[in-house]
Amino acid sequence: MPASPVPTPGARLLTALAGAQLLVALDFSIIYVALPDIGGSLHFSAVALQWIVSAYAIFFAGFLLLGGQLADVFGPGRVFLTAQLLFAASSVGAALSSSAAPLIAARVGQGVAAALLVPATLGLLSAAYPSGPERDRAVSVWGTTGAVGLALGVTAGGGILEVASWQWIFWINLPIVAVCLLAAVRAVRSTTHTERAPLATAATLSACAAVVAVVLACTELSRAHPSLPVVATALVVASLAGGVLVRSRRRPLVPRALLGVRALQVACLVAALYMASFGAEFYLVTLYLQDVRDYSALAAGMAFLPLAGTIVVGNTVAGRLAGRLPLGRLLSLAYLTGAAGLVVLALAVGTRGGYPAGILPGLLLSGFGQGMAFTGMFITGTRDLPPESNGTGSALVTTAQYLGGSLGLALLVLLHGEHPVAGDFVWTFCATAVIAAAAAPVALLRLPRTGSTPAPVSPHDPSFEPRTGGHR
């Protein structure tokens, strides 16, 4: 039996779900401006310093499918509470770290907690809000906090370092966790599973190993001097784990019929392109402002505020248009708008234009586009999922998102080299624009414009047919 929906979802539940998404996004981006301070304080080597970022990203991407399985098997409410507590414990461990190894271990814990939290959050959202305008509005609010969290992470990091030590970028997580737990506890208790599906243990663990290995290989390739043995070993592990995954037919990780849901296919493809383009924008802009324009950490963080503002506007607009425009057209418009903003940034970098006249217009345009895209792709991804597969389906979208981000970042680092100058950033911003624009035909050609949504059917039922329709 599927999860019983929360009877009357309101502001408390949405606050908890949005807060969880803010926590995941904030912790992903807030660390960047703090790296020099952490390295100096704890005497990190250059390689170890990179692992503060990589440990979180790799284990986040690698354990998302496990998080989706656990949410579907044990219920999203239980997984949500467990993930929040693990996030809090890992944050305390990171803040109290006095050397490299404990801090990296704590970042691994945060990554695993985030991987459990995201599918549980989307599972609760899908269970509580019926498909249609009500869910679209909820996804819009949830998406706004996530996309803004990525931008505000840089700003918050710079502000914290201006007045306090780097440890506070981890302590700040505790009040967010507390608010999420207090707001969600009643709604979580009313979300129960009366029948527990079996956990696909072998398939889940092999998928986690494969994704961790692929992201590790991409992360290593993005370094100035990658270790070829590490890359080769990671690819061998990915191949072996992939082989085990293919042979796990008795209890597959993702039911074959679920993979045939057209809206889920489109969401996974555009999510990968989202992180490879708009996700990389945060890295490129931060690096350009600090290394080429000599901005301080605080100034670079403040430069992202307009981007965060237009992301909010884009999220809101997408939430309103989702029920009026076909989702394929909405996604295409979003990605083309964001791509145009990236082209404007490339022109500003190439002409050495100032911030108000050159960089700011590009940030505003790209922020509006990516705000629309973020909300649109998750509305698409959750639109036609059976209730009992909400966790696995949403985990697939987010896994595709961060795999795309890892591949995209590795490509961009190869393009701009070890010590990029302004001309190198022109090429990388143009590359992100091309990647973003590639999502437009994917959405238009693969996502049906209209259709009807049949009653939910279990993907384990032999009569299950993949759904390709849904609300406009």
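Student: Is Phe-170 buried or exposed, and what is its relative accessible area?

Tutor: Phe-170 is buried, at a relative accessible area of 1%. Buried means under 20% relative accessible area, exposed over 50%, and partly exposed in between, with a 1.4 Å probe and protein chains only. Keep in mind that this is a predicted model, where local features need pLDDT of at least 70, side-chain atom pairs count only at pLDDT 80 or more, and totals for chains, interfaces and linings use all residues. Residues are numbered from 1 along each chain as its sequence is written, and side-chain values use heavy atoms, leaving out hydrogens and water.

Student: How many aromatic pairs are there?

Tutor: A pair of aromatic rings is described by the distance of the centres and the angle of the planes. Rings of Phe, Tyr and Trp (its six-membered ring) pair if their centres lie within 6.5 Å; planes under 30 degrees apart are stacked, over 60 edge-to-face, and the rest tilted. The structure holds 8 such pairs. In one of them, Trp-166 and Phe-170 have ring centres 6.2 Å apart and planes at 90°, so the pair is edge-to-face. Trp-166 is also buried, at 5% relative accessibility.

Student: What kind of pair do Tyr-274 and Phe-374 form?

Tutor: Tyr-274 and Phe-374 are edge-to-face, with 5.6 Å centre to centre and 65° between the planes. Tyr-274 sits in helix α12 (residues 262-292) and Phe-374 in helix α16 (residues 355-383), so the pair ties together parts 100 residues apart in sequence. Helices here are DSSP runs (H or I, at least four residues), numbered along with strands (E, at least two) from the N terminus. Tyr-274 is buried at 1% relative accessibility, and Phe-374 is buried at 3%.

Student: How far does helix α17 reach from its first C-alpha to its last?

Tutor: The expected span of a helix is 1.5 Å times one less than its number of residues. Helix α17 (residues 390-416) has 27 residues and reaches 39 Å, close to the 39 Å expected. This helix α17 is mostly covered, with 21 of its 27 residues buried.

Student: Which residues of α17 and α18 make the contact where their axes cross?

Tutor: Axes are lines fitted to C-alpha atoms, for helices over the stretch in contact, and angles run from 0 to 180 degrees between N-to-C directions. The axes of α17 and α18 (residues 422-437) come within 9 Å and cross at roughly 150°. The contact (heavy atoms within 4.5 Å) involves Leu-412, Leu-415 and His-416 of α17 and Asp-424, Thr-428, Ala-431 and Thr-432 of α18.
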